[in-house]
Amino acid sequence: MRKTPLLTTLLAVSLLFSACSNENENTAQAANSLLATNEIVLTSLDKKQYIVEKTDTGLTLQGAKGKVVIYDIFATWCPPCQAEASHLASLQKKYKDKLVILGISVENNIPDEKLKTFKKQYHADYTLVNSSENMRLIDEVAKQLHLGRDFGIPLMVLYKDGKVINYYQGATEEEFIESDIKKALGK
């Protein structure tokens, strides 16, 4: 009679541990899923990857500590976006290692060739990203700035160490942008 309770106890203990194991696996998968949603991976035209992490205070670009990061949300067909491209290129050249500009197109599934043509035609000599993650970043920026879904472009958002410095909607004078860059860099 003693064999049955021992066998039952062993079976119950093994089921208990296997359930805990599955629960731990599910918890780990949920945690990894949550971590993955806090990172946005953007891919540039030259196939370099940029990882943006969502935080409570803003967006942090990996490898850009101490630098000003500009997310320029634009479209290739937008005249003010076209006009600002050379100004952004001028600022990128002037502030080289202290500034990172990422041009993020609102156009879904735009061919790389179209972005390369835009880059060449409008002298957009800064990083243009073309990724399935573009819209995730754009949505996050709009959410953090409380802009809603139908905001005007170009939208330029300046960050330093994950915190918003300022943002501009529509055509903006290069001098205004540079003034904010200088303040953020302590100049």
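Helices (H or I, at least four residues) and strands (E, at least two) are DSSP runs numbered from the N terminus. The views show a predicted model, in which local features need pLDDT of at least 70 and side-chain atom pairs count only at pLDDT 80 or more, while totals for chains, interfaces and linings use all residues. Residues are numbered from 1 along each chain as its sequence is written, and side-chain values use heavy atoms, with hydrogens and water left out.

**View 1. Loop between α4 and β7.** His146 is found in the loop that joins α4 and β7. Its phi is near 55 degrees, a positive value in a residue other than glycine. His146 is exposed, with a relative accessible area of 73% (buried means under 20% relative accessible area, exposed over 50%, partly exposed in between; 1.4 Å probe, protein chains only).

**View 2. Loop between β1 and β2.** Lys47 is placed between β1 (39–43) and β2 (49–54). Phi of Lys47, a residue other than glycine, is positive, near 70 degrees. Lys47 counts as exposed, at 56% relative accessibility.

**View 3. The largest nonpolar core.** A nonpolar core is a set of buried Ala, Val, Leu, Ile, Met, Phe, Trp, Tyr and Cys residues joined through side-chain atoms within 4.5 Å. The largest has 26 residues, and those with the most contacts inside it are Ile70, Leu99, Tyr126, Ile177 and Ile181. At least two residues of this core come from each of β4 (68–74), α2 (79–95), β5 (99–105), α3 (112–121), β7 (155–160) and α5 (174–185). Helix α2 gives the largest share, six residues.

**View 4. Surroundings of Ile70.** Contact means heavy atoms within 4.5 Å. Beyond its neighbours within four places in sequence, Ile70 is in contact with residues including Leu99, Val100, Met156, Leu158, Ile177 and Ile181. A second, separate core of 24 residues includes Tyr50, Val69, Tyr71 and Ile104.

**View 5. Cys78 and Cys81.** Both cysteines are buried, Cys78 with a relative accessible area of 3% and Cys81 with one of 0%. A search of the whole structure finds zero disulfides (pairs of cysteine sulfur atoms within 2.5 Å).
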